[in-house]
Amino acid sequence: MENSALDLKPLDEILDELADQYGSMISILQRTQEVYGYLPMDAIYHISERTGVSPAKIMGTATFYAQFRLQPIGKYLIMLCKGTACHVNGSDAIGDVISGELGIENGETTEDGLFTLEYVACLGCCSLSPVMMINGETYGQLDGKKAVKIINDYRKKEAAQ
Ligand code: FES
């Protein structure tokens, strides 16, 4: 079942520490996601083998919590805030512009693996609304044009590498 392409060593280190601890599944999944950027199926099977919890049950936990991803994310994670302040200041329209620009919807990744778009609730900087964050960098007072320019700056940066 397991795909040898996935390096399970870091996962084993997490499991050495947590596999036998009662109620540790969420911590295991969080740390697994920190390592791989998402929860690969091979990791789920491996966690199942080491903890004795069925893959279906682990998947149930992973899909219940919005924080877990089951697909790999792009190099740049665009988190567009859809919280109240950002919503009233037009984040829906910005989301549409970003989707049109990148050809992806919320939760999807561009084919070149560069960008993932994710709608999130309040990013904690409402005074700058509408806001998006890309790999931890905050961009405020957005409009569609500004968002596209920022995305293009990332594209240029990539092309220059
Ligand atoms: S609602 Fe968007 S940052 Fe608070």
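Let us begin with His46, which sits in helix H3; helices here are DSSP runs of H or I with at least four residues, strands are runs of E with at least two, and both are numbered from the N terminus. His46 is buried, with a relative accessible area of 9%, where buried means under 20%, exposed over 50% and partly exposed in between, using a 1.4 Å probe and protein chains only. The side chain of His46 makes a polar contact of 2.8 Å with that of Asp12 (a pair of N or O atoms within 3.5 Å, one able to donate a hydrogen and the other to accept it; residues adjacent in sequence count only if both atoms are side-chain atoms).

This is a predicted model, in which local features need pLDDT of at least 70 and side-chain atom pairs pLDDT 80 or more, while totals for chains, interfaces and linings use all residues. Residues are numbered from 1 along each chain, and side-chain values use heavy atoms, without hydrogens or water.

Now to the largest nonpolar core, with its 18 residues. Such a core is a set of buried Ala, Val, Leu, Ile, Met, Phe, Trp, Tyr and Cys residues joined through side-chain atoms within 4.5 Å. Leu11, Leu15, Leu29, Leu39, Ile47 and Ile58 touch the most other members. Helices H1 (9-18), H2 (25-36), H3 (41-51) and H4 (55-64) each supply at least two of its residues. A second, separate core has 17 residues, including Ile78 and Leu114.

Finally, meet the strands. E1 (residues 76-81) runs parallel to E2, joined by six bridges; strands pair if DSSP finds at least two bridges between them. Met79 stands opposite Glu118 in E2. Five of the six residues of E2 (115-120) are buried.
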